[in-house]
Amino acid sequence: MKKFFILLLSTICFQQMTTAQDLLLQTLKSEADRNFAELKKQPIPAYYISYRVYDLTTHYISASFGNLKESSFYPQRIFNAAVRVGSPELDNSHEIKEGNEQGYANYNSAGYGMLGLEDNPEAWKLTLWQKTDALYVAATKRFEKVKANVAVKVDSEDKSPDFSMESPEHYTEKSIKFSDIKFDAKAWEEKMKKYSALFNDNKDIIDSQFSFRVELLHKYFVDTEGAEIFENRLCYYLFMNASVKADDGMDLPLYKSYFAYDIKDLPSEEQIIADAKLVSETLSQLRVAPVVESYSGPVLMSGQASSVFFHEIFGHRIEGARLKTENDAQTFKKKVGEMVLPEDISVIFEPQLKKAHGFALNGQYIFDDEGVRGKRVEIVKDGKLVSFLMSRSPITDFANSNGHGRGQIYLNTTTRQSNTLIESTNPKSNRELREMLIEQLKKENKPYGYLMDQVAGGFTTTGRYMPNAFNVNPLLVYRIYADGRPDEMVRGVDLVGTPLAMFSQIAACGTDYDIFNGTCGAESGGVPVASVSPTIYVKMVETQKKSKSQSLPPILPRP
């Protein structure tokens, strides 16, 4: 009896220790191995299984015109499983050519599910077992379609394997608990009410909001190659937006966002109030600003605008997995070793970096969503294209991942951007950039050019069946007059073009940097990204009129 008691006590102690050291990670690993042992013996064998989990806790607070709208605490535990059958050379992820493959959207999100919030390994195992079995069945069906498609279609130009072999890593951080965060929800509710009330006095503003979000993410990843990873991500987001409506129906919003990894690094109250007042004043000016006509000619892009510009027109075109598909335009795939930018400009992606040029970077991570350590990648070095962003989907001459396999937890992973840095070895002052623009205006006999100051975002198409173009959405634009008149605020501008033509016109970078911190949405869903760029001078861009609402401004006066 005494020996039994000692054995029972030691078992209880071991379970407590296991829980403290991460019971979930061990459960994921044991289930991956157990399921793999069976599935690799099937007629169509599985050769790889991975599980990733986002244990996410969020507190979100929002207010509008001084009124608290929401203060919510969200705990979630979401998982995504992946099962590959066949072999790394040819598996169920292989592109099926033509025919708008039915069910692909469902296939892309089939691995997603909810894992119980309680620490119950037996319940977790049941959930993982059910999902893995269903994924295996779906994977075998798709693999049969893949083999049939390969047999009847022309050979792929890129004959790289479907999956790369990578060295598995073991990495665990000490878990951060939400209860340990020094976060006073009531105090931030009062702050949101106070800040949002700053827009009350401006009767031009028809809609506004201040929001604050603290987000604690525990990222888990295991696979049957032996990777075991646990990573924390604690972030703070503060966001203001307000909008007016011009008499012609055009909706005119402005935004201001702040991002930090430490709550102490958010701006002071004085700075936030000053920024809100500036947004309010600018919106009133913007509402009555003249609408521009279509334009082609030189422009300056502020650091914030050029950050989005590089993200949209360049970043998506150097994502490796995209370059492998037969329907992608593959704009830069055959241009390795060629000059694509002026020789003083380099483009670097650095996912592990938390700060650059004084800005906290939203795209930071240590390991990507395929369990590969994020690596610094010089995509353009001294103007020359030298590399691509790579996930575990190889392309010709790039056989391995550099840690850019990413995906929203609801979707399968693919190659995505992280932190983009635009650097110049020969930067110009703002005065020099302006002089270059005015000189070009006079050379072309144009009365004015433009400064793109703030942008909301943009989109791009990279396929072969549509024009390979982009659209960036400026919010705040100024005319710069060649004759020296003061700059004039204008509205109704969209920046459009094609990537190779636009890239060839980038002439110089400035010395002042700004940042775009946001969420990039593409095939694998929304992932956090950052782009830091100086002001740039572009000799030739094209703009078009922005689409606008046909509804009238409010008939009733704002209370």
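The largest cavity in this structure, which is a predicted model, holds about 70 Å³ of space. The points below take up the lining of each cavity and then turn to one helix.

**The largest cavity**
- The residues that line the largest cavity are Arg 52, Tyr 54, Lys 219, Tyr 220, Phe 221, Ile 229, Glu 231, Phe 367, Asp 368 and Asp 369.
- Two or more residues of this lining are given by each of the elements β1 (46-64), β5 (207-223) and β6 (228-245), and the largest share, 3 residues, comes from β5.
- Sorted by class, the lining of the largest cavity divides into 5 nonpolar and 5 charged residues, with no polar ones.

**The second largest cavity**
- Around the second largest cavity stand Glu 166, Ser 167, Pro 168, Asp 223, Glu 225, Ala 227, Glu 370, Gly 371, Val 372 and Arg 392, which form its lining.
- The lining of the second largest cavity has 5 charged residues, together with 3 nonpolar and 2 polar ones.

**Helix α6**
- Helix α6, which covers residues 303-313, is mostly covered, with 11 of its 11 residues buried.
- Among the buried residues of α6 are Gly 303, Ala 305, Val 308, Phe 309, Phe 310 and Ile 313, and the buried set also includes Gln 304, Ser 306, Ser 307, His 311 and Glu 312.
- In general, an α-helix has 3.6 residues a turn, so residues three or four places apart point the same way.

Note on methods: Residues numbered from 1 in each chain as written. Predicted model: local features only at pLDDT ≥ 70, side-chain atom pairs only at ≥ 80, totals over all residues. Heavy atoms only, no water. 1 Å grid on protein atoms, 1.4 Å probe; cavity = no way out; pocket = protein on both sides within 12 Å on 5 of 7 lines; lining within 4 Å. Points joined across faces, edges and corners; volume = space filled by probe spheres on them. Helix = DSSP H or I, 4+ residues; strand = E, 2+ residues; numbered from the N terminus. Nonpolar A, V, L, I, M, F, W, Y, C, P; charged D, E, K, R; others polar. Buried < 20%, exposed > 50% of the residue type's maximum accessible area, 1.4 Å probe, protein only.
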